[in-house]
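The sequence and the structure are shown here for reference.

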Amino acid sequence: MTDTSTPAIRLTGLRKSFGAVDAVAGVDLEIADGEFFSMLGPSGSGKTTVLRMIAGFELPTAGTVELGGRDVTRLAPFERDVNTVFQDYALFPHLSVLENVEYGLKVRKVPRKERRERAEQALESVQLKGFGSRKPAAMSGGQRQRVALARALVNRPKVLLLDEPLGALDLKLREQMQVELKQIQREVGITFVFVTHDQDEALTMSDRIAVFDVGKIVQVGTPSEVYEQPASTFVAGFVGTSNILDGRLVGREGRFSIRPEKIDISLDGETNGVVAEVIYAGAVTRYVVDLDAGTRVVVVEQNRTLRTGLRGQRVRLSWLDEHVIEIPTGELERTDA
Ligand code: ADP
Ligand code: MG
């Protein structure tokens, strides 16, 4: 599955300006063959623009796009072995599901019999066997999303680009589709580049994540690397909730981050804070605690047993040194992230 010599995608010095706006301000990235790779970042950070340059819908201001070792920077979209799935699906309403899936093959003059077979197969791979004769309007949001996916998969591209494909679905369906998409990707073995602004989605689905901020990649790593060792205050804050503490911790001065689930809250021992707020959320409870040292932190606890009456109580917060993440200095002036 993985060819270590040639990456599926290589971006070098990639830039895109729209007038005075630097939408993409210098991106270097390699994505391996067969990877489920996510681009995560807030709205406006340049994710879609990078995807559109990979697809060929947008010409870079500078830099190159290589697919499978071939420079495609100046090639038209149809000359690249990639397909894109957009958030709004863009299905043809007057065509049946099967005809929608077949469409790309028809355009490329694939014979009718082969077209049918491949379309049926693509529908089967997204668990929509038997739905071919329906019209898109007679399908649920999740099913339409899968039709859009089948329509891209039927072309057997080397790379599939997905721009917030689950954004239009409600939470429950989105979580279900996250699992299904991941399964489909594993089965078909195509390289997926998945754009999202949702950190949970990126963490649960990806082999690796690139975190974007104002047109640049600020960190690339596996989900656990990005979560456990954020490279900056911005990443610590954007990927998951994090408590930022300034001062002397683990024996040195600096800025540190501690994840809410890594903090232990107890009523025994020397207290060091007051519980300001208790937020019950079913599986977990979040405690907002004002530390005597002056910082407000969030603690998350599994509700194995339910505590009551903690609001307003003095408590002791503690954590292990190994869970204290030092935020690299030089970041110290950027407190607004
Ligand atoms: P994201 O997908 O991360 O939300 P985009 O890539 O869509 O970000 O946009 C990055 C920046 O580029 C934003 O400031 C956006 O307004 C700007 N931008 C994107 N496309 C265009 C365009 N066609 N014309 C002008 N500005 C654009
Ligand atoms: Mg976007």
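## Helix α1 and the residue after it

Just after α1, Gly56 takes a positive phi of about 100°; helices here are DSSP runs of H or I with at least four residues, strands are runs of E with at least two, and both are numbered from the N terminus. Within α1 the buried residues are Lys47, Thr49, Val50, Leu51, Met53, Ile54 and Ala55, where buried means under 20% relative accessible area, exposed means over 50% and partly exposed lies in between, with a 1.4 Å probe and protein chains only. Because seven of its nine residues are buried, α1 is largely enclosed by the rest of the structure.

The model is predicted, so local features need pLDDT of at least 70 and side-chain atom pairs count only at pLDDT 80 or more, whereas totals for chains, interfaces and linings use all residues. Residues are numbered from 1 along each chain as its sequence is written, chains are lettered from A and ligands numbered from 1 in the order in which they are written, and side-chain values use heavy atoms, with hydrogens and water left out.

## The surroundings of ligand 1

Ligand 1 is surrounded by Phe18, Val21, Ala23, Pro42, Ser43, Gly44, Ser45, Gly46, Lys47, Thr48 and Thr49, a residue being near the ligand if one of its heavy atoms lies within 4 Å of it. This shell divides into four nonpolar residues, six polar and one charged; Ala, Val, Leu, Ile, Met, Phe, Trp, Tyr, Cys and Pro count as nonpolar, Asp, Glu, Lys and Arg as charged, and the others, Gly among them, as polar.

The elements giving two or more residues to the shell are β2 (21-31) and α1 (47-55), and α1 gives the most, with three residues.

## Thr191 in strand β8

Thr191 lies in strand β8, residues 191-196, and with a relative accessible area of 1% it is buried. Leaving aside residues up to four places away in sequence, Thr191 touches Ala8, Ile31, Ala32, Asp33, Gly34, Glu35, Lys158, Val159 and Leu160, contact meaning heavy atoms within 4.5 Å. A polar atom of the Thr191 side chain lies 2.9 Å from the backbone nitrogen of Gly34.

## Helix α2 and positive phi values

In helix α2 (residues 97-107), Val97, Leu98, Asn100, Val101, Glu102 and Leu105 are buried, and the buried residues of α2 pack against α3 (112-125) and α4 (141-153). The helix is followed by Lys109, whose phi is positive, near 60°.

Most residues other than glycine have a negative phi. Glu164 has a positive phi near 45° and sits in the loop between β7 (159-163) and α5 (171-188), where its relative accessibility of 13% means that it counts as buried. Val214 has a positive phi near 35° in the loop between β9 (208-213) and β10 (216-221), and at 64% relative accessibility Val214 counts as exposed.

## Overall layout

The chain comprises eight helices and 18 strands, and buried residues make up 48% of its 337 residues. Its C-alpha atoms fill a box of roughly 75 × 45 × 35 Å along the principal axes.

The chain is divided into domain 1 (9-234) and domain 2 (242-317), with bounds that come from an automatic or database domain assignment. The C-alpha centres of the two domains lie 39 Å apart, and five residues of domain 1 are in contact with five residues of domain 2.

Key
Polar contact = N/O pair within 3.5 Å; in protein donor to acceptor, adjacent residues only side chain to side chain.
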